[in-house]
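Reader: I am new to this structure. Please take me through one part of it closely.

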Amino acid sequence: MTLTADTSPGTARGTARRWRERLLSGGSWTVLALLVVVLAVIVVINPSFAEPVSLMAFAKKAAPLVVLAVGQYFVIVSGEFDLSVGSLVGAQVVIAARLIDGEEALTWPVLGLMLAFGLLVGLVNGLVTTLLRVPSFIATLGMMLVLFGAIRLWTGGAPTGALSEGFRVLGRKGFPDVPGQFQVPYALLVALVVVGLAVLVMRRPFGRSLVAAGDNDVAATYSGASVWWLRTRAFLLSSFLATVAAVLIGGYAGVTAQVGQGLEFMAITAVVLGGVALGGGRGTVVAAMVGALALEALFTLFNQLALPSTIRPAVQGVIIIVAVAYAARRRRT
Amino acid sequence: MRPIRALLAGTAAAGLLLLTACTTDAPTEELPAAETSAAEEAPAESGAESEWFVQADYDKELAQRDIEPEGPADEPWLQAIEPEWVDTADLASDGGDKTLCFSNASVSNPWRVTGWITMQQQVEVLQEEGVIGEFRVSDAADDDNKQISDIQAFVEAGDCDAIIISPSTTATLTPAVEAACESGTPVIVFDRGVNSDCMATFIHPIGGYAYGAVGAEFLVDNLEPGSTVLALRILPGVDVLEHRWAAADKVFSESDIDVVGVEFTGGDGAKIKDLVTQYLQRGEVDGIWMDAGDGAVAAVEAFEDAGQPYPVFVGEDEMSFLRKWDETGMTAIGNVYSNFQWRTPVLAAQKIWAGEEVPSEWVLPQEPVDDTDLAEYLDANADMPSLHYAKFGGEDLPGYPEAWTDR
C-alpha cells in the first residue's frame with residue numbers, strides 16, 4: 001500500500017491492468033480515484049471549474065488542509081492522534097490578530113512568537129503523551145479544550161485586533177499579483193514545499209522509525225529506537241504545521257470568531273481517507289495529501305450541487321465511511 | 001485490535017465534537033396559532049412560505065420602522081416605540097445597594113462581547129451612585145441547561161433584587177423565566193424573547209423582519225431589475241436569524257431580483273470567502289445580502305481577489321465592515337441590530353426599583369447605518385477595534401473609550 005511506482009517492465013496492456021487493479025484495490029489508490037471522480041463531476045456540472053483561474057482558487061482554499069493533513073499524518077502514522085490542531089489554528093490566528101493589530105512592523109516578531117507557541121504546544125502534547133503516558137486522544141483533547149478556553153478568557157469571548165497586510169500575503173496573494181488573472185497562489189507553493197519535505201523526511205531514518213513505532217512500538221524499542229522521542233517529534237511537527245496552516249487560513253480570510261473550528265476532525269478525516277491506518281504503521285504522506293484534496297473537492301462538489309446545507313454532513317459522513325471501508329477491504333483478506 | 005480501538009476512539013471524538021459544537025435548540029413552538037393563520041393568508045411564491053414567517057409580525061415591524069420613538073433622541077437606549085406603560089409599583093423597593101443578577105446566554109460572538117462591556121460600564125455608574133451594590137453574573141456559554149440552572153440558582157439564593165435574563169433560546173428557557181417571575185423578583189428579559197409575558201419588561205430592538213427587509217429593500221432599490229443576489233446566512237433554525245431571512249425572501253420574491261443562492265456559512269470567514277469565490281466562478285453576483293455582518297469583509301475580498309467589481313452589499317454596523325465600505329467606496333448599507341440595548345435592562349431595573357412605569361414590551365429603535373452617516377460613525381469609533389459595533393451607545397459612560405478599546 002504505497003504510492004511507489006512499479007518499476008518492473010511490462011506491456012502497455014499489462015500496465016493498464018495494473019493501474020486498474022491499483023485503483024480498485026483499495027488503500028491509497030482508492031482516494032486518488034475518488035478525487036479524480038469528484039473533480040470530473042464538478043467539471044461536468046460547472047465547466048468553468050477546469051479553467052486555470054478556478055483551479056488555482058481551489059488550490060488556494062485547499063492548501064491549509066493539506067498542510068494540516070501532513071502534520072496529522074506524522075502523528076497518526078506513529079500511532080497517536082492530535083485533536084488539538086483545530087484549536088491551535090484558531091488560537092494562533094486570534095493571537096496574531098490581537099498582537100499585530102494591523103501594525104505592519106510587528107508581522108515578523110509575531111510570526112516568531114507564533115512559531116514558539118506552536119512548538120511549545122507540540123512539546124507539551126508529546127511529553128504528556130509519551131512520558132506521562134496519558135493516551136494522546138485524551139492529552140490532545142485536553143489541549144484542545146485548554147486552548148479554546150484560554151483564548152476565550154484572553155479575548156473576553158471573541159477575537160479583537162486585525163492582521164497586517166504583510167501577514168496575509170501568503171494565504172491571500174499569488175504570483176503574479178493581478179486580481180482576477182491567472183496566478184500561482186503562494187499558499188500552493190507552501191503546501192508543495194511542505195509535502196515535498198515531508199516525503200523526504202519519511203524516507204530518512206526518522207520517517208522509517210516513525211512508521212515502525214506506529215506499527216509495533218515494542219519491537220521498535222527492542223530495535224533501538226527511542227519511541228518517546230520519535231512520537232514527541234511527530235507532535236512537534238504537527239503543531240508546527242498547524243501554525244503554518246494558521247498563517248495560511250488567517251491570510252486567506254482574516255480573523256473571525258469561528259476560525260479553526262472543526263479542523264482537527266477534517267484533518268483526521270483527510271488522513272484516514274488517504275488510507276493511512278488509525279493506530280499507525282501504515283500509509284504514505286502523499287496519500288494523506290490526496291485525502292485532503294479529495295475532502296476539499298467534496299465540499300466544492302456539495303456547493304456546486306447546491307445541496308441543502310442541512311444534508312451535507314450526512315452525505316459527507318456516508319461517503320467517508322464508504323471510502324474508508326472500501327480502502328480497508330484488502331487489509332482484511 | 002489496535003486499529004479497532006483507535007477507530008472507537010475516533011468515533012467518540014467525533015461525537016464529542018458534535019456535542020460540544022451544537023447545543024442550540026431550535027424554538028419551533030413559537031406562536032403556533034398566528035403561524036398557521038398567516039401561512040394561509042400568504043400569497044404563494046414568496047418568503048411567506050417559510051414556516052418562520054408570520055405576516056402580522058412582519059407588517060408590525062415594518063410599520064415600527066417609521067414610527068417616531070418616545071423618549072430622548074440623544075439616548076436611544078431609553079427610547080421606546082409605541083410603549084404600553086405598565087405600573088410597577090408593586091415591584092418597587094426602597095433603599096440602595098441592590099443586588100442585580102444577570103443570567104447571560106453567552107459572550108460567544110463580538111456583538112455580545114461589545115454589548116457586555118457596555119452593560120458592565122452602565123452598572124458601574126449605578127454602583128457609584130449607590131443604586132446597585134452587587135452585580136452577580138452567570139454566563140451559560142450558549143448552553144440551555146446551564147442557563148436554566150443559572151436562573152434557578154438566582155431564584156433559590158433569594159437575594160436578587162432584580163434578575164436580568166438574556167435567553168439562549170426561546171422555547172427551552174420559557175419555564176425557567178416563568179419560575180423566576182413567580183418568585184416575585186422583578187424579571188427583565190432582553191435581546192431574544194421567551195413565550196411568556198410574565199416579566200416586568202421585555203426589551204428588544206424592532207426585530208428580525210425589519211432587519212432582513214431593510215437590507216433586501218436596499219438591494220432592490222440599488223440594483224437593476226434582473227440582477228443577481230447571493231444570500232449568506234449564519235445557520236438555520238434560530239428564530240432571530242430565520243425572521244431576517246424570511247423577510248428578505250419575501251421582499252426579493254416580490255421584486256425582479258434573482259437570488260442565485262442561499263448559503264449557510266457559520267460566520268466563518270474562510271467558508272464565506274470560498275463560497276463567494278465559487279459563485280463568482282460560475283457567474284456574476286451583483287449583490288450580497290447577509291443575515292449578520294460576521295465575515296462580511298471576507299466576502300468583499302472574494303470580489304477583490306477575483307478581480308470583479310464590488311457588489312451592492314448589505315453588511316452590519318461592525319467596524320471592520322464599515323471601514324472596508326469606506327475604503328472601497330462601494331454601495332452598501334450597515335444593518336443594525338441595536339447593540340445599545342445592553343444598557344437598557346440595567347436602567348430598567350433602576351426604574352422598577354423606583355416604582356416608575358416601564359413599557360411592558362420595550363421596543364428600541366433600530367436604524368441602519370447608511371452613506372449619509374457612515375463618516376460620522378467611522379469618526380466617532382476611530383480608535384475602536386475592528387470587531388466593535390458602531391451603535392454600541394456607550395459614548396457618555398465614564399469608562400469610554402478605554403473599556404471598549406482595551407478589550
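Reader: How many Å separate the centres of domain 1 of chain B and domain 2 of chain B, taken over C-alpha atoms? Please look closely at that part of chain B.

Author: The two centres, taken over C-alpha atoms, are 33 Å apart. A word on the model and its labels comes before the details. This is a predicted model, in which local features need pLDDT of at least 70, side-chain atom pairs count only at pLDDT 80 or more, and totals for chains, interfaces and linings use all residues. Residues are numbered from 1 along each chain as its sequence is written, while chains are lettered from A and ligands numbered from 1 in the order in which they are written.

Now the domains. Domain 1 of chain B takes in 76-205 + 338-365, and domain 2 of chain B takes in 208-335. These bounds come from an automatic or database domain assignment. Two residues are in contact if their C-beta atoms, placed from the backbone, lie within 7 Å.

Next, some strands and a helix of chain B. Strand β7 (residues 228-233) of chain B pairs with strand β8 (residues 258-264) of chain B. The sense is parallel, over 6 bridges. Two strands pair if DSSP finds at least two bridges between them. Helices (H or I, at least four residues) and strands (E, at least two) are DSSP runs, numbered from the N terminus. T228(B) stands opposite D258(B) in β8(B).

H243(B) is found in helix α8 of chain B. H243(B) is buried because 26 other C-beta atoms lie within 10 Å. The cut-offs are 20 or more such atoms for buried, 12 or fewer for exposed, and partly exposed in between, with C-beta atoms placed from the backbone. Not counting residues up to four places away in sequence, H243(B) touches W52(B), G207(B), G208(B), Y209(B) and G212(B). S338(B) is 95 residues from H243(B) along the chain, and their C-alpha atoms are separated by 16 Å.
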